[in-house]
Amino acid sequence: MNKLRQIWNWIDDRSGISETFMPLIKHPVPPGSKWSYVFGSATLFCLILQVVTGIGLSLLYQPSSENAYQSLQFITHQAPLGRILRGIHYFGASGMILFAGIHMIRVYITASYKYPREMSWISGVLLLFLTIGMGFTGQLLRWDSNGVWSSVVAAEQMGRVPLVGKYLARILLGGDTIGGQTLSRFFSYHVFIIPAMLFVFVGFHLFLVFRNGISEPPEADRPVDPKTYRKWYQDMLKREGVPFWPNAAWRDALFGSLVIICIIGLAIVFGPPELTQQPDPSIITTNPSPDWYMLPIFSLFALMPPKIESYVIFIGPVLSVIGLLSLPFISNYGERSPVRRPWAVFGVVCVVIFVGSLLYLGLKSPWSPDFKTKAVYAVSPAKNPVIQKGAILFYKKGCQYCHRINGSGGVKGPDLSVIGRSWDEQQLSLQIVNGGTDMPAYGGMLSKEDLNALVQYLRSKK
Ligand code: HEC
């Protein structure tokens, strides 16, 4: 024991570990910190988890277009603990984005971005974008159809930015289309470039927390005045400050540990998302569905009238970046309490509802065909053989991916459960042969008998 102590004393004396870190651990913080303050550290816990599992994955992952898919299959199904490792990395990413978002909302509601913490907000916004960038680039590394097609869609959106779009897309993808070079490039973004920037900004973000102190819980009628705030804060700390560890940090430690346990639990129970098939440019029916945190953006683009899309793609992100970055400059003094800032709270509620609905729509994605629908003909077979044949064709030819009949089928096209009431044979065959807006023309793909069977089937729907 004595020997150990001696060794520690030697290390500590030469390296100055406790001299450096004790003041940080023991530094006084405002009393009365709340549970709502744990989300920033929860994000950090997730990041650490991502670094550890990411390094683990990189030991087996092969970033080349020939091998990436197989190496991930190997990690998922054969490598010991590989499934859990991928699962943790997936749920850890979700957790990081979720907690970063909640942390940001908390900071906004308590107006902690006001003087002298403007720089914390700005570095936080950059961290949020870097985190989303990690999610986006990570998705392509799966090199399955979902990941690849989601990136194709994103690159196409980017290509529509006026003037520089083409170049941006080319820099992003490493060429005009997605290919092997894109994979190497995204690998490099995902494991070198973005993490390096993340570390720098996380370090800076934490440094600022120590330099400017944790923001005290806001109180109504106690506005921030940049002229007197620092002195007031120091005096307050002297009077009533409590040591960071354990008085404030135990909540961070407890919540962070719970988060990690939950992530590991989810990884064990649900595992990572299954890889879809390998990307194949000839399969045009794939329906790219990105990970949940990308869905709101996808929904927005799917719902927007195509005419304004090109402008919104450019102006939307620019405006949100400018808006977010300029927030602390617009108002860096005054009331911090949400009670005194009802409009700020209202605004945040609107944004959350808006993004939430986009996410909900994205999960249901009514605009894309539903390839998993159950065949109606099997559920309620028809007696008439022609009608039964039509019902089978209705499923086999993919009509049901877009049309709902008796409660099953996609919702991209109208429900056809009672189409026979209003449409006659001629109208039906015209629609099927010629197609319509967002409906393919089936003229060349159906024999006369098939067409007739389909029409009879639909006529019977009354
Ligand atoms: C990719 C999705 C999609 C597929 C596949 C599809 N449809 Fe449609 N269908 C639509 C859309 C969207 C509309 C409405 C727009 C229009 O009428 O042009 C529509 C309209 C119709 C209508 C007119 C209904 C109305 O109330 O306007 C009929 C009938 C119809 N489809 C039958 C079929 C049949 C039969 C098939 C299979 C051979 C089929 N559709 C395949 C998307 C699809």
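How do the residues of the shell around the ligand divide into nonpolar, polar and charged? I counted 13 nonpolar, 6 polar and 2 charged. For this I took Ala, Val, Leu, Ile, Met, Phe, Trp, Tyr, Cys and Pro as nonpolar, Asp, Glu, Lys and Arg as charged, and the others, Gly among them, as polar.

**Ground rules.** I am working from a predicted model, where local features need pLDDT of at least 70 and side-chain atom pairs count only at pLDDT 80 or more, while totals for chains, interfaces and linings use all residues. I number residues from 1 along each chain as its sequence is written, and side-chain values use heavy atoms, with hydrogens and water left out.

**The whole protein.** I find 20 helices and 2 strands; these are DSSP runs numbered from the N terminus (helices H or I, at least four residues; strands E, at least two). The C-alpha trace spans about 90 × 55 × 45 Å along its principal axes. Of the 462 residues, 40% are buried (under 20% relative accessible area; exposed is over 50%, partly exposed in between; 1.4 Å probe, protein chains only).

**The iron.** I looked up what holds the iron atom of the ligand: His-403 (NE2) and Met-439 (SD) coordinate it at 1.9 to 2.1 Å. Donors here are N, O and S atoms within 2.8 Å of the metal (3.2 Å for Na, K and Ca), and water is not among the atoms, so sites may look incomplete. His-403 sits in the loop between H17 (399-402) and H18 (419-422), and Met-439 in the loop between H19 (425-434) and H20 (448-459), so the pair ties together parts 36 residues apart in sequence. His-403 counts as buried, at 10% relative accessibility.

**Around the ligand.** I see 21 residues surrounding the ligand, with Cys-399, Cys-402, His-403, Thr-437 and Met-439 the closest (a heavy atom within 4 Å). H17, H19 and H20 are the elements that each give two or more residues to this shell. H19 gives the most, with 3 residues.

**Arg-336.** I then checked this residue, in the loop between H13 (306-330) and H14 (342-364). Is Arg-336 buried or exposed? Arg-336 is buried, with a relative accessible area of 3%. A polar atom of its side chain lies 3.0 Å from the backbone oxygen of Glu-216. Leaving aside neighbours within four places in sequence, Arg-336 has contacts (heavy atoms within 4.5 Å) that include Tyr-37, Ile-109, Lys-114, Glu-216 and Arg-341.

Definitions and conventions:
A polar contact is a pair of N or O atoms within 3.5 Å; within protein, one must be able to donate a hydrogen and the other to accept it, and residues adjacent in sequence count only if both atoms are side-chain atoms.
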